[in-house]
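This briefing covers two annotated positions and the segments around them. Please have the sequence and the model open while reading.

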Amino acid sequence: MTAITAPAIAGKDVRSPASTRPIAYWLLVCCAMVFAMAVIGAITRLTESGLSMVEWKPLIGILPPLSEAEWTRVFGLYQATPEFRIYNSAMDLAAFKRIFWWEWFHRLWGQLIGFVFLIPFLRFWVNGRIPADLWPKLAGLFLLGGLQGVIGWYMVKSGLVDRPEVSHYRLALHLGTAILIYGLLLRTALGLLDPLPLAGWATESHRLRRHARWALGLTGVTIVWGAFVAGTDAGLAYNTFPLMNGHIVPPEVGNLTPWWINVVENTAAIQLTHRALALLTGVVILGLALRVWVAHLPGRAGRVALLTAAMVLVQIGLGIATLLSFVWIPLGAAHQAGAILLVSGLVWLLHELRPVGGPKR
């Protein structure tokens, strides 16, 4: 078999793991920070802290209030919000500080991710360490990260006007963009660490890769509906499983007109849709894992597939436990973390199944 060589740029094999390993490790650090950001965001939402900061001051707002006068000022801004007027009118400054810290930390962590990405990126670029075809991808990731900050503020603003809840559509956009950034970071890092995975040499991997793409897409849709559940507080209703208050399909799932709006606006229909998508996703991923395992592909594909299958079972269990616990905060945060781990397994598996040197299908 003829060896497949990586492209050379400027006389160097820039695709060899040795030359790009530092960049890959840096991207994996960014992955870990995005993962932590998603968990922090889940806790911020579950503790109802997300609307405590009503100002958006990138960079200059990195410091928290440092004086009693400043605390009084930001608390006064919060007191003018619908959330304070409707739900928290009895809240004092001490209680406000408790919810403020989670949102402040969430925003601080987001800005830290920006610095951790930008500074090494500039250093690698100045030192000529970034391959020509990788530079646009990294620049695009940085811009996407900046856009994510704007989307976060766009989401928060929806809860500061009339209703003290953020739009579940904007919440889904914010979470979906975070998952997208995470997946792109991980895929890029894996490609640098192992440009030619052995599993990609097998003809069977083409068909399996299509299956894995469907599994990843279905996982993404399920995550979006999970954001709808969170944004509409649908997880605080129908806290039984497998039935929903004694029904497989509760009668109120079709209360809204037109009928199609129920799946994105009706609490019962949103939760039912999320349940159905989660179970369907589980079946698709378990089927994928079985197909990869029996294909006896070389490399790590079989082991990664089994890990992903185990993760989808854990994730379904976490979802059920979160529901039965009336969304206990540790379980809710673990459920969001599980979603990202599941995405990780599928992105990794797609990498291991990548066709190299053969026809792309």
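A polar contact here is a pair of N or O atoms within 3.5 Å, and within protein one of the two must be able to donate a hydrogen and the other to accept it. The model is predicted. In the unreviewed UniProt entry, the feature "binding site" is placed at H274 and H335. These positions are spread over 62 residues of sequence but cluster in space, with a largest C-alpha distance of 13.3 Å.

**H274**
- Helix 9, residues 267-295, contains H274.
- H274 is buried because its relative accessible area, 18%, falls under the 20% cut-off.
- A polar atom of the H274 side chain lies 3.3 Å from the backbone nitrogen of G226.
- Leaving aside residues up to four places away in sequence, H274 touches T222, W225, G226, V229 and H335.

**H335**
- Helix 11, residues 329-352, contains H335.

**Transmembrane annotation**
- The unreviewed UniProt entry places the feature "transmembrane region" at several segments, including residues 214-238, 276-294, 306-327 and 333-351.
- Over residues 214-238 the chain is 72% helix and 0% strand, and 29 Å separates the end C-alpha atoms.
- Residues 333-351 are 100% helix and 0% strand, with end C-alpha atoms 27 Å apart.

Note on methods
Residues numbered from 1 in each chain as written. Predicted model: local features only at pLDDT ≥ 70, side-chain atom pairs only at ≥ 80, totals over all residues. Heavy atoms only, no water. UniProt positions renumbered as here; feature names shortened; annotations may be inferred. Helix = DSSP H or I, 4+ residues; strand = E, 2+ residues; numbered from the N terminus. Buried < 20%, exposed > 50% of the residue type's maximum accessible area, 1.4 Å probe, protein only. Contact = heavy atoms within 4.5 Å.
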